[in-house]
Amino acid sequence: MIEALLVDLGNVVAAFDHDRMWRAMAALAGVDRDGVVTGLSTVMFDELERGDLDDAGLHGRFEALFGVEVDPEALGRAVGDIFTVDPAMLDLLGQARAVGVRTVAFSNTCGLHVAQLDRLRALDHFDALVFSHAVGARKPEDAMFDAAVAELAGWGIAPGSCLYTDDIAEYVEAGERRGLRGEVFVGSAAWATRLRAEGLMLTTVANDT
């Protein structure tokens, strides 16, 4: 019986559009999209997601790199406003919690993205959050899985009683090597089917087929 769910956020709970972020940042910088990608892709997907750079640090780096002054809140909106939450996933998480299953959000992300997901109420159905910028490592590195397994252990739950879903197969395979049950995410309907197969009694969701 599944006692916990370890769930990726991006393209699982919420779809995201990085191109929207790059274009919004480019508009603030007064340069084209490719100029922002070239200047900041490593910053966004490594330094920020590892917690080596915080939100204020990104603001300073952005202004220095492009020689502009921008409002920190405007930059935060440009970076963060990229998500579309899947209500069917939130419904499934809520149903799982209602029958006593623990839920853990498990994502490579940064503070500005977490803040936006929080505003969208995407984090409301999670009992714990394991985020790369807080851990100081990114999936599929061991430290991320160590942090997730530690959360489970705090509830007395073994990895084998936890189902981990992620849209990236490499990460799921890394989790399975740690003893987690794995499921490559392909949609909420397929995930609901797997949850039922694991013994969770769920109602039909809006886009279930």
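**Exercise 1.** State which strands helix α8 lies across.

*Solution.* Helix α8 (residues 142-154) lies across β1, β4, β5 and β6 (162-166). Contact here means heavy atoms within 4.5 Å. Helix α8 runs at about 170° to β5; axes are lines fitted to C-alpha atoms, for helices over the stretch in contact, and angles run from 0 to 180 degrees between N-to-C directions. Helices (H or I, at least four residues) and strands (E, at least two) are DSSP runs, numbered from the N terminus. The model is predicted: local features need pLDDT of at least 70, side-chain atom pairs count only at pLDDT 80 or more, and totals for chains, interfaces and linings use all residues. Residues are numbered from 1 along each chain as its sequence is written, and side-chain values use heavy atoms, with hydrogens and water left out.

**Exercise 2.** Give the strand order of the open sheet and its edge strands.

*Solution.* The order is β5-β4-β1-β6-β7, with parallel pairing; two strands pair if DSSP finds at least two bridges between them. β5 (128-131) and β7 (181-184) each pair on one side only, as edge strands. Within the sheet, 4 bridges join β1 (residues 4-7) to β4 (residues 102-107). V7 has A105 of β4 as its bridge partner.

**Exercise 3.** Classify the packing of α2 and α3 by angle.

*Solution.* Helix α2 (residues 33-50) and helix α3 (residues 55-66) pack at about 160°, with axes 11 Å apart. Angles over 145 degrees count as roughly antiparallel, under 35 as roughly parallel, 65 to 115 as roughly perpendicular and the rest as oblique. The two helices α2 and α3 are therefore roughly antiparallel.
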